[in-house]
Amino acid sequence: MSYLEIKDLEISFPTPKGKYTAVRDINLSIKKGEIISIIGHSGCGKSTILNAIAGMLTPSAGSVVLNNQNIKGPGPDRGIVFQNYSLLPWLTVYQNIFQVVDSVMEGTTTEKHEIVAKNLKMVNLFEHKDKLPGQLSGGMKQRVAIARAFAINPGVLLMDEPFGALDALTKGTMQLEVLKLWNLDNREKTIVMITHDIEEALFGAFAKTKKQNRNCKNARIY
């Protein structure tokens, strides 16, 4: 049964020369708990598809359906990790995550602080919680962004070339970190990642879950 489904998606934009169609006739069915990599060269429409799933673009035709509901805009059921570091530079690591948790999640202030602390510990950055983003390395900034995305407990984690700005060694470490978090997450989080890098697209190919002891079962590449 599909958890996230793209049906006959078309997204077009008006231009001075007429309508420009970025993507057309896109169909994709994704089960809950899968890791999906969408690969293609720059400008082929990968980000357009991801932004449609995020609810930041409205389909010109077709639909994007999540958990049997048409996506009509952004929502806390989808977390996003961008390629370029998206942390607010004037807030500490802790504040960057708490701000999002406080704005979208229910519960007491104490419970929200517990969520922030838990997710910072998951990415081994709790001891850096009082630092500003400018005091962190590129890999650490991206780990904060991933912790922020996981903290709101989205059903779908969207990743827009999340490792593209990192050096090769840090990229490999971050790929393993995401897989580790995915394996530890008992809520069957679905991951959709776009990339133009074949090696990066394969980062989930050896994903293994506790429930299904089979490599590659939950990873697909398009």
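**Note on the predicted model**

1. Histidine 113 is placed in helix H3, which spans residues 109-122. Helices (H or I, at least four residues) and strands (E, at least two) are DSSP runs, numbered from the N terminus. The structure is a predicted model, in which local features need pLDDT of at least 70 and side-chain atom pairs count only at pLDDT 80 or more, while totals for chains, interfaces and linings use all residues. Residues are numbered from 1 along each chain as its sequence is written, and side-chain values use heavy atoms, with hydrogens and water left out.

2. Histidine 113 counts as partly exposed because its relative accessibility is 32%; buried means under 20% relative accessible area, exposed over 50%, and partly exposed in between (1.4 Å probe, protein chains only). Not counting residues up to four places away in sequence, histidine 113 touches Tyr94 and Phe98, where contact means heavy atoms within 4.5 Å. The C-alpha atoms of histidine 113 and tyrosine 94 are 9.2 Å apart, with a separation of 19 residues in sequence.

3. Threonine 21 belongs to strand E2 (residues 18-30). Its side chain makes a polar contact with the side chain of serine 12, at 3.1 Å. A polar contact is a pair of N or O atoms within 3.5 Å; within protein, one must be able to donate a hydrogen and the other to accept it, and residues adjacent in sequence count only if both atoms are side-chain atoms. With neighbours within four places in sequence left aside, threonine 21 is in contact with Glu10, Ile11 and Ser12.

4. Two charge-over-ring arrangements deserve mention. The charged end of lysine 32 sits over the ring of tyrosine 3, 5.4 Å from its centre, and lysine 121 lies over the face of phenylalanine 126, at 5.1 Å from the ring centre. The criterion is NZ of Lys or CZ of Arg within 6 Å of the ring centre and within 35 degrees of the ring normal.

5. The protein chain has six helices and nine strands. Of its 222 residues, 47% count as buried. Among contacts between residues at least 6 apart in sequence, 69% join residues at least 24 apart.

6. Confidence is given by pLDDT, the predictor's confidence in each residue, from 0 to 100. The protein chain has a mean pLDDT of 84, and 86% of its residues reach 70 or more. Strand E4 (residues 61-66) has the highest confidence, at a mean of 95, and strand E9 (residues 219-221) the lowest, at 60. Over residues 208-216, pLDDT stays under 50, and the model has 18 contacts beyond four places in sequence for them.
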